[in-house]
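This report describes selected helices, loops and a ligand site in one protein model. Please read it with the sequence and the structure at hand.

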Amino acid sequence: MPMQTVRTHPIDGQKPGTSGLRKKTAIFMRPHFLENYVQATFDGIGGVAGKTLVIGGDGRYFNDRAIQVILRMAAANEAAHCIVGQGGILSTPAASNLIRTRGADGGLILSASHNPGGPDADFGLKYNGPNGGPATESVTDKIYERTQNIECYRICAAQDVNIADQGTYDLNSMSVEVIDPIAAYVTAMEKLFDFDKIKALFARGFTMRFDAMHAVTGPYAHAILEDILGAPKGTVINGTPSPDFGGGHPDPNPIWAKELMDIMYADNAPDFGAASDGDGDRNMIVGRHAYVTPSDSLALLVAKAHLAPGYKDGLAGVARSMPTSRAADRVAASLGIDCYETPTGWKFFGNLLDAGKATLCGEESAGTGSDHVREKDGLWAVLLWLNILADTGQSVAALMEELWQTHGRYYYSRLDYEDVDSDKANAMINALRDKLADLPGTTIKGLTVEMADEFAYDDPVDGSRSTNQGLRLIIDNDARAIFRLSGTGTAGSTIRVYLEQLETDPTKLDLPPQDALSDIRAAALEVSDLVAMTGRDAPDVIT
Ligand code: G16
């Protein structure tokens with residue numbers, strides 16, 4: 001088949017963010033845009049000649065066509081073998097699992113995660129390395145550098161590979177193996193969890209709703225929860241993936257998973273509810289009339305993970321991103337294990353997991369995972385919760401109450417100001433950064449600032465330093481206010497304000513979170529001058 005070397009030139013806007021490159025779909029579909037980024041990725045990782053790659057995505061609009069382009073480019077760049085999920089489908093954790101279990105050299109995951117999909121929405125592409133995790137900062141830098149000086153890309157002219165059917169196909173001298181996207185993932189989950197105990201739970205009449213949000217976890221959840229664990233049909237809702245996620249926003253939080261929240265807060269609510277996002281790495285947990293914040297979910301899982309067979313010997317340590325509440329720190333301290341604080345982005349957990357320093361990791365952005373893969377894993381979190389519920393026989397609400405009574409409760413909320421004019425967003429952050437040094441000791445809205453800094457991370461494994469990772473203020477009574485710009489948006493800038501307040505008085509553990517946080521919220525808005533500097537008098541999303 002003819003190979004082509006296409007002359008090209010750098011294209012603006014190919015700087016990867018928190019999790020690969022995310023852009024409007026229409027931008028990815030522009031001539032040469034995808035091809036340039038794929039070639040820059042191949043070059044940035046030192047070429048793909050002779051290598052094995054895992055390729056798959058969340059099934060969003062353009063997923064299938066982009067995979068054909070990537071396959072033709074991998075063949076032209078002399079890759080040896082590509083493993084592709086049937087229909088082009090692989091959840092992000094399933095892709096990570098395959099890279100590891102098949103000993104692949106890396107993988108390309110096509111997804112914009114929780115962002116909406118469709119011709120007018122978002123698309124994304126990221127490279128994961130041989131450990132199955134997102135590209136490290138240094139690899140990301142090399143890929144970006146290549147986007148800046150690229151001169152040509154290589155592609156072969158060929159018919160589409162039949163990725164609709166399992167089998168092995170040739171593309172030039174490269175082989176393409178189209179596999180069942182679910183089987184290897186099920187095997188991994190069976191090793192970690194007590195499936196018999198969870199089966200018995202459902203057999204006793206335990207009720208659950210899993211909202212797949214029309215996204216990639218639908219087929220995985222139908223197979224595991226209903227077919228294998230015996231939950232009744234109908235347990236999984238919105239379980240058929242669609243290219244535009246049913247026109248929805250596949251972000252598992254109380255705002256976007258409202259359908260599930262309504263079910264879980266109804267009079268006849270099921271015992272347990274959960275949701276996952278576009279590519280299956282995020283999760284939301286909700287009990288009957290009891291929403292669990294991602295930070296609290298991490299803390300609960302740290303406290304109880306030993307009840308699942310995969311973690312019966314306890315945890316080596318735990319890690320959380322800086323804006324995630326410090327609930328997990330208190331549990332870790334009580335267990336006598338280390339708790340690491342990393343910048344936002346799953347890639348920062350990779351070294352800790354590889355080095356055996358952390359077993360569980362989690363983020364406020366609805367990600368939890370463990371050392372079984374190098375991505376956060378939505379269904380894994382749901383199965384660990386189910387294992388704990390089956391083992392303890394307690395309700396979600398009772399488990400949370402016990403956690404708070406034992407360790408105190410961190411009230412927590414995140415305010416998102418979306419699509420803010422980038423100049424204004426940067427000006428606000430810069431102005432706050434400039435006054436950080438003067439804040440300790442000052443009083444804002446009656447609260448005293450104890451510490452103020454810009455978070456920087458020294459990786460304890462490889463010694464690398466990551467700076468500019470968010471502005472944080474510790475304010476009296478163990479409260480925090482954190483400000484950072486999102487790295488996953490595709491329009492303007494998104495400002496995130498994270499608020500937390502510790503409460504240890506056992507009589508004050510059931511307040512409405514926004515009431516418990518009203519003082520710290522007022523102080524955060526005052527110190528940042530956010531309303532005046534951005535022209536926004538209210539956040540777009542409060543979770
Ligand atoms: C990605 C990363 C997460 C990170 C999140 C932060 O999530 O994988 O580790 O917490 O971005 O997003 P932002 O920069 O917008 O706050 P995902 O699920 O979008 O891949």
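A residue is called buried when its relative accessible area is under 20%, exposed when it is over 50%, and partly exposed in between, calculated with a 1.4 Å probe and the protein chains only. Helices (H or I, at least four residues) and strands (E, at least two) are DSSP runs, numbered from the N terminus. The model is predicted, so local features need pLDDT of at least 70 and side-chain atom pairs count only at pLDDT 80 or more, whereas totals for chains, interfaces and linings use all residues. Residues are numbered from 1 along each chain as its sequence is written, and side-chain values use heavy atoms, with hydrogens and water left out.

**Helix H4**

Helix H4 spans residues 92–101 and is mostly covered, with eight of its ten residues buried. These buried residues are Thr92, Pro93, Ala94, Ala95, Ser96, Asn97, Leu98 and Ile99. Contact is defined as heavy atoms within 4.5 Å. The buried residues of H4 pack against strands S3 (52–57), S5, S6 and S9 (174–179), as well as helices H6 (183–192) and H8. At the start of H4, a side-chain oxygen of Ser91 comes to within 3.1 Å of the backbone nitrogen of Ala94. After the helix comes Gly103, which has a positive phi near 60 degrees.

**Helix H11**

In helix H11 (residues 327–335), the buried residues include Ala327, Ala328, Val331 and Ala332. These four lie on the same side of H11, because they cover an arc of only 130 degrees around the axis; the arc is that of the directions from the helix axis to the C-beta atoms. In general, an α-helix has 3.6 residues a turn, so residues three or four places apart point the same way. The cover over the buried residues of H11 includes helices H10 (294–304) and H14 (396–407), together with strands S15 (317–321), S16 (338–342) and S19 (409–420). Just after H11, Gly336 has a positive phi of about 75 degrees.

Helix H14 also contains Ala397, which is partly exposed at 37% relative accessibility. Ala397 and Val286 are 111 residues apart in sequence, and their C-alpha atoms are 9.0 Å apart in space.

**Loops**

Ser113 is not a glycine, yet its phi is positive, at about 55 degrees. Ser113 lies in the loop between strands S5 (106–110) and S6 (122–128), and it is buried at 2% relative accessibility. Asn468, also not a glycine, has a positive phi of about 55 degrees; it belongs to the loop between strands S23 (465–466) and S24 (471–475).

Thr235 is placed in the loop between helix H8 (217–228) and strand S11 (236–237). Is Thr235 buried or exposed? Its relative accessible area is 3%, so Thr235 is buried. Neighbours within four places in sequence aside, Thr235 is in contact with Met208, Arg209, Phe210 and Glu226.

**The ligand site**

| Residue | Distance to a ligand oxygen |
|---|---|
| Arg22 | 2.8 Å |
| His114 | 3.2 Å |
| Lys376 | 2.8 Å |

The protein covers 99% of the 460 Å² of accessible area that the ligand has on its own, with areas from the Shrake-Rupley method and a 1.4 Å probe; for residues, only the protein chains shown count as cover.

Note on methods. Polar contact = N/O pair within 3.5 Å; in protein donor to acceptor, adjacent residues only side chain to side chain.
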